[in-house]
Amino acid sequence: MISLKIPALCAAGLLLFATYGGKPTDPSMVLTPVYRDPVAIEQAEDPAAGITMTLDKAAYKPGDDAVTYTITNTTGESINVVMVPTLERCIGRDAWEPVPMEGVGFCGTPDTIEDTYTGEIKLSWYGDALVAGEYRLSFSQVDDSYEVLETISAIVIIEE
């Protein structure tokens with residue numbers, strides 16, 4: 001019996017395992033979806049990374065009030081992060097589209113993060129645009145002249 005991993009459409013933890021009987025005369029193949037916690041995946045991808053973002057839970061429902069995130073800085077130096085959230089919906093393999101906010105504005109002045117910063121985005125900021133699916137929440141780390149150095153992201157799952 002052979003198992004093959006087929007990558008998911010986006011970055012979340014959905015994997016498809018194809019199981020084949022192993023005999024040339026056996027045409028049967030079974031695809032089994034397996035869900036892995038995207039928060040754990042995001043944290044495990046690069047445990048030595050100097051800047052990471054984690055979420056308070058693996059999945060949210062449309063009735064939830066907010067997504068709480070924590071940005072952790074282990075670089076040993078302070079970093080500047082523009083706390084203007086970008087939320088994008090997965091629309092295909094490595095393809096994302098922005099989800100517009102309704103009636104919300106941000107100043108765009110970076111916050112300095114020494115060790116950790118915890119904040120939240122209100123799901124109501126996105127009105128009826130949020131449907132079940134996979135989203136990417138991102139913030140920009142910038143230098144003193146506001147040039148983007150790095151995009152800090154985490155995967156948000158919205159369930160039905």
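Visitor: Why is tyrosine 69 called buried?
Guide: Tyrosine 69 has a relative accessible area of 4%. Buried means under 20% relative accessible area, exposed means over 50%, and partly exposed is in between, using a 1.4 Å probe and protein chains only. The value of 4% is under 20%, so tyrosine 69 is buried.

Visitor: What kind of model is this, and how are the residues numbered?
Guide: It is a predicted model, in which local features need pLDDT of at least 70, side-chain atom pairs count only at pLDDT 80 or more, and totals for chains, interfaces and linings use all residues. Residues are numbered from 1 along each chain as its sequence is written, and side-chain values use heavy atoms, with hydrogens and water left out.

Visitor: Why is the pair of tyrosine 69 and tyrosine 117 called stacked?
Guide: The ring centres of tyrosine 69 and tyrosine 117 are 6.4 Å apart, which is within 6.5 Å, so the rings pair. Their planes are at 25°, under 30 degrees, so the pair is stacked.

Visitor: Which parts of the chain does this pair tie together?
Guide: Tyrosine 69 lies in strand 6 (residues 66-73) and tyrosine 117 in strand 10 (residues 116-122), so the parts tied together are 48 residues apart in sequence. Strands here are DSSP runs of E with at least two residues, helices are runs of H or I with at least four, and both are numbered from the N terminus. Tyr69, Tyr117 and Phe139 form one aromatic cluster.

Visitor: Is tyrosine 117 buried, partly exposed or exposed?
Guide: Its relative accessible area is 25%, so tyrosine 117 is partly exposed.

Visitor: What makes phenylalanine 106 and tryptophan 125 an edge-to-face pair?
Guide: Phenylalanine 106 and tryptophan 125 have ring centres 5.5 Å apart and 75° between the planes. An angle of 75° is over 60, so the pair counts as edge-to-face. Phenylalanine 106 lies in the loop between strand 8 (95-98) and strand 9 (111-113), and tryptophan 125 in the loop between strand 10 and strand 11 (133-142), so the pair ties together parts 19 residues apart in sequence. At 34% relative accessibility phenylalanine 106 counts as partly exposed, while tryptophan 125, at 18%, counts as buried.

Visitor: Why is asparagine 80 called buried?
Guide: Asparagine 80 has a relative accessible area of 19%, so it is buried. Asparagine 80 is found in strand 7 (residues 79-92).

Visitor: How do you know that asparagine 80 and threonine 112 make a polar contact?
Guide: A polar contact is a pair of N or O atoms within 3.5 Å; within protein, one must be able to donate a hydrogen and the other to accept it, and residues adjacent in sequence count only if both atoms are side-chain atoms. The side chains of asparagine 80 and threonine 112 are joined at 3.1 Å, so the distance is within the limit.

Visitor: What makes strand 7 and strand 8 a pair?
Guide: Two strands pair if DSSP finds at least two bridges between them. Strand 7 and strand 8 have four bridges, in the antiparallel sense, so they pair. One of the bridges joins glutamate 88 to proline 98 in strand 8. The two strands form a hairpin with two residues between them.

Visitor: Why does aspartate 94 count as exposed?
Guide: Aspartate 94 has 61% relative accessibility, so it counts as exposed. Aspartate 94 is found in the loop between strand 7 and strand 8, and its phi is near 55°, a positive value in a residue other than glycine.

Visitor: How do you know how confident the predictor is?
Guide: From pLDDT, the predictor's confidence in each residue, from 0 to 100. The mean pLDDT of the protein chain is 77, and 69% of its residues reach 70 or more. Over residues 1-9 the pLDDT is below 50, and residues 39-45 stay under 50 as well.

Terms used
Rings of Phe, Tyr and Trp (its six-membered ring) pair if their centres lie within 6.5 Å; planes under 30 degrees apart count as stacked, over 60 as edge-to-face and the rest as tilted. Contact means heavy atoms within 4.5 Å.
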